[in-house]
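Subject: Structure handover and notes

Dear colleague,

I am passing on the structure below, together with some notes for someone who has not worked with it before. Please look it over before reading on.

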Amino acid sequence: MAPKLYWILASPPARAVVFCARQLEIELDLIEVDILKKEQYKPEFLKLNPLHTIPLLDDDGFIVTDSHSIMSYLVSKYRKGSSFYPEDIKKRAIVDQRLYFDSGTLFANHIRVCTPIIFKGAKTIPEDLLTAQTEAYGALEQFLQGSKYVAGDDMTIADFSIWTTITNSSDYLPVEEIKYPNITSWLKRMEATPNNDLNKAAAEYIRNLFQSLLS
Ligand SMILES: N[C@@H](CCC(=O)N[C@@H](CS)C(=O)NCC(=O)O)C(=O)O
């Protein structure tokens with residue numbers, strides 16, 4: 001039985017897990033949770049994840065939440081030895097650092113921008129959040145100096161996390177090529193992958209949602 005993934009296309013962390021599974025040909029049974037309709041607060045979902053977030057993986061009753069943990073679990077269980085989550089401890093430490101960078105900084109800034117707009121009717125983005133996200137872009141630009149991907153010259157699960165977060169956040173903070181040449185080149189590499197169609201569809205949905213909510 002394929003593991004079940006509770007997800008929605010618009011969510012960067014949920015999309016990252018789906019991209020990881022598609023790239024590594026791991027079959028998932030996708031179940032949509034419409035967070036705009038607050039379906040994540042249904043008692044049966046809260047029982048699985050008291051933090052009421054997607055993505056959530058149910059692998060034959062074994063529950064994993066948080067996209068970064070889900071991807072490392074999926075690769076370790078179904079594609080052990082894959083360079084997408086390397087076993088070499090130094091390479092893995094760099095991948096983990098980039099995953100934590102997404103979780104604790106890049107996506108954390110992004111969700112602080114989105115939550116008030118999507119759920120609380122805010123019409124503006126506080127300047128300090130834009131400054132924080134600009135600083136995070138600067139760090140990413142530096143991580144990519146001399147590297148094809150965010151954790152070195154191989155694509156890893158960290159690329160899925162950071163790609164999907166940047167895709168959503170570039171709506172209010174575009175990646176300008178002149179300021180971020182390394183991020184721009186890396187984005188082109190990610191856009192050449194088979195996941196780009198789905199990522200583009202998500203980007204368009206998010207753009208329209210943001211435009212309608214901010215107008
Ligand atoms: N660190 C988590 C973040 C997950 C997260 O914040 N997901 C958002 C969607 S992008 C969500 O489910 N929000 C609904 C809620 O907080 O009620 C991960 O990587 O999975």
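This is a predicted model: local features need pLDDT of at least 70, side-chain atom pairs count only at pLDDT 80 or more; totals for chains, interfaces and linings use all residues.

Residues are numbered from 1 along each chain as its sequence is written, and side-chain values use heavy atoms, with hydrogens and water left out.

The largest pocket holds about 770 Å³ of space. A pocket here is an open set of points on a 1 Å grid over the protein atoms alone, where a 1.4 Å probe fits, with protein on both sides within 12 Å along at least five of seven lines, and its lining residues have an atom within 4 Å of a point. The volume is the space filled by probe spheres set on the points, which are joined across faces, edges and corners. The lining of the largest pocket consists of 33 residues, and Ile35, Thr53, Ile54, Phe107 and Ile111 lie nearest its centre. Two or more lining residues come from each of helix H1 (12–23), helix H3 (67–78), helix H4 (89–120) and H8, and H4 gives the largest share, 9 residues. Helices are DSSP runs (H or I) of at least four residues and strands (E) of at least two, numbered from the N terminus.

One of the residues nearest the pocket centre, Ile54, is joined to Pro55 by a cis peptide bond with omega of about 5°. Pro55 itself is placed in the loop between helix H2 (43–48) and strand E3 (56–59).

Turning to exposure, buried means under 20% relative accessible area, exposed over 50%, and partly exposed in between (1.4 Å probe, protein chains only). Tyr205, in helix H8 (residues 196–214), is partly exposed because its relative accessible area is 39%. Ala14, by contrast, is in helix H1 and counts as buried, because its relative accessibility is 0%. Ala14 and Ser161 are 147 residues apart in sequence, yet 9.0 Å apart in space, C-alpha to C-alpha.

With best wishes
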